Amino acid sequence: MDQLLPDYHVSAATWFYLSLLLIVAVFFRFNRVWSVRNLDLALLLSMSPGVLLVQEGHRFGYAWLFAASGLVLCRLFADQFFERRPRLPQNLNRAGMTFLAIAALAFLVTRVVTETPSASSVQIVRQGEQILNREAPPDEARGEGGPASSLIAASIHPFTQVVAQGNGDAAAKLAAEPIAARLLAIFAHFAVIGGLVLLGRRHFQDTGVGLAMGTLYVLLPCTAYNVHEVNHVLPAAFLVWAFVAYRQPLVAGCLMALACGTLFFPIFLVPLWLAFYGRKGAVRFGLALCGMGAVLVGSFALTAVDGNSFAQQWSDSIDWGLLSFRGNSAAGFWNAANEAYRIPVFVAFLLAAFGLTVFPLRKNLEHLLAHSAALIVGTQFWYPNQSGAYILWYLPLLLLVVFRPRLENLRPPEYDSRRQREHEQDRRVPQTASAMAGGRTVLR
């Protein structure tokens with residue numbers, strides 16, 4: 001950032017203190033100290049010190065994140081029991097929040113542009129280039145991102161070609177890969193913020209609430225700490241837009257398929273969404289999900305030289321060894337000494353996922369938001385690699401749960417259509433009865 005602001009530097013700890021003061025000034029309810037909103041703010045802020053400790057190399061940070069994730073999970077489980085959702089306006093008007101959001105976003109974008117991107121983000125771009133060049137990645141080049149991440153990164157390849165051709169050497173081509181990684185990270189963050197604002201306007205019927213969610217997203221320290229991580233942000237962006245388009249099962253199914261193609265964890269949300277839509281809506285959602293999955297597989301098949309290359313591309317797009325229960329050496333809460341304890345935790349996660357999918361039988365958007373966020377938080381307890389540090393996976397959904405009003409009337413499209421037909425029938429019955437009472441008989 002020295003190119004723009006000479007001698008300017010904000011450490012991670014300083015960013016935490018500054019964002020803490022701004023968040024408290026804008027969102028804390030001083031007239032209702034003992035409110036759910038203030039409790040939610042405390043939970044959101046409590047996760048940032050754990051991420052900071054992890055980045056500093058302290059193993060205690062994973063224990064901190066494990067405990068904070070447990071509190072967040074309890075909050076999400078209890079969300080369906082909150083019958084009253086009073087309207088709590090922010091301490092800053094809409095124009096002020098817009099200015100604050102743009103200013104904070106400008107600092108985040110500047111940080112993305114001027115600092116070195118993460119190795120995982122660069123690896124995603126490299127895999128996208130290898131797909132376009134029909135090259136299978138070597139075994140040591142496996143990454144966490146799925147096939148959808150690589151295909152999306154392939155669209156950034158023209159930018160890298162322009163930079164490489166302008167310099168005309170291999171070193172310039174390697175320098176172009178970080179540029180593409182930065183563009184991909186910026187695109188993912190803008191997608192999340194735009195989805196939050198649009199969802200607040202369309203489903204919460206309040207653009208100010210959507211703007212407040214986007215402002216808090218850019219102000220939270222955990223966003224700034226992982227601002228370069230495409231694997232953290234891109235799946236959440238697809239999930240947010242799936243909620244925006246939840247009334248169109250075909251569109252939501254395509255977005256869910258792209259989310260599943262970026263990383264593994266959205267797969268656990270598919271049964272919940274199928275149960276939410278009901279019979280007809282689930283068929284359309286499932287067809288769109290399978291259709292987009294077929295498109296992803298077909299894209300890999302078209303860029304593969306032969307069958308062996310296709311299989312290698314597909315298997316190397318994500319390191320499935322990270323999900324193994326045998327002696328995983330990845331950094332996180334779990335290690336080789338307590339690896340066996342992940343098995344009962346994973347079983348408990350599957351039981352909880354089954355319960356959230358089945359109950360209640362008729363779900364509304366409130367249940368879908370809270371249960372989806374709870375399932376993503378639940379993956380943090382058994383995922384071995386940096387357990388609990390993937391906060392951006394569920395942070396946008398958690399913000400939706402925190403700021404949402406009562407949404408019991410937002411049902412699946414099939415339920416709304418059936419209820420509308422019943423309402424129209426109820427309106428016809430009194431008219432017929434009054435006509436018969438007046439001695440008039442209408443023959444049809």
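Hi everyone, let's start with a histidine: His371 has 4% relative accessibility, so it counts as buried, the cut-off for buried being under 20%. Before I go on, please keep in mind that this is a predicted model.

Where does His371 sit? You'll find His371 in helix H16, which covers residues 365–379. And what does His371 touch, once we set aside neighbours within four places in sequence? The contacts are Gln80, Leu272, Leu356, Phe359, Pro360 and Lys363. If you have the structure open, click on His371 and bring up those partners around it.

Now over to a glycine. Gly128 belongs to helix H5, residues 119–132. Is Gly128 buried or exposed? Gly128 is buried, because its relative accessibility is 0%. Leaving out residues up to four places away in sequence, Gly128 is in contact with Ser150, Ala153 and Ala154. Take Ala153 from that list: 25 residues separate Gly128 and Ala153 in sequence, yet their C-alpha atoms are 5.1 Å apart in space.

Last stop, the surface. Which residues form a nonpolar patch there? They are Ile343, Val347 and Leu351, and together they have about 280 Å² of accessible area. Let me pick out Ile343, which is part of helix H15, residues 342–358. Ile343 comes out at 44% relative accessibility, so it counts as partly exposed; that class runs between the 20% limit for buried and the 50% limit for exposed.

So, to recap: His371 is buried in this model, Gly128 is buried as well, and Ile343 is partly exposed.

Technical notes. Residues are numbered from 1 along each chain as its sequence is written. This is a predicted model: local features need pLDDT of at least 70, side-chain atom pairs count only at pLDDT 80 or more; totals for chains, interfaces and linings use all residues. Side-chain values use heavy atoms; hydrogens and water are left out. Helices (H or I, at least four residues) and strands (E, at least two) are DSSP runs, numbered from the N terminus. Buried means under 20% relative accessible area, exposed over 50%, partly exposed in between (1.4 Å probe, protein chains only). Contact means heavy atoms within 4.5 Å. Patches are made of residues with over 30% relative accessible area and no salt bridge: like charges are joined within 9 Å, nonpolar side chains (Val, Leu, Ile, Met, Phe, Trp, Tyr) within 5 Å. Accessible areas come from the Shrake-Rupley method with a 1.4 Å probe; for residues, only the protein chains shown count as cover. A salt bridge is a side-chain nitrogen of Lys or Arg within 4 Å of a carboxyl oxygen of Asp or Glu.
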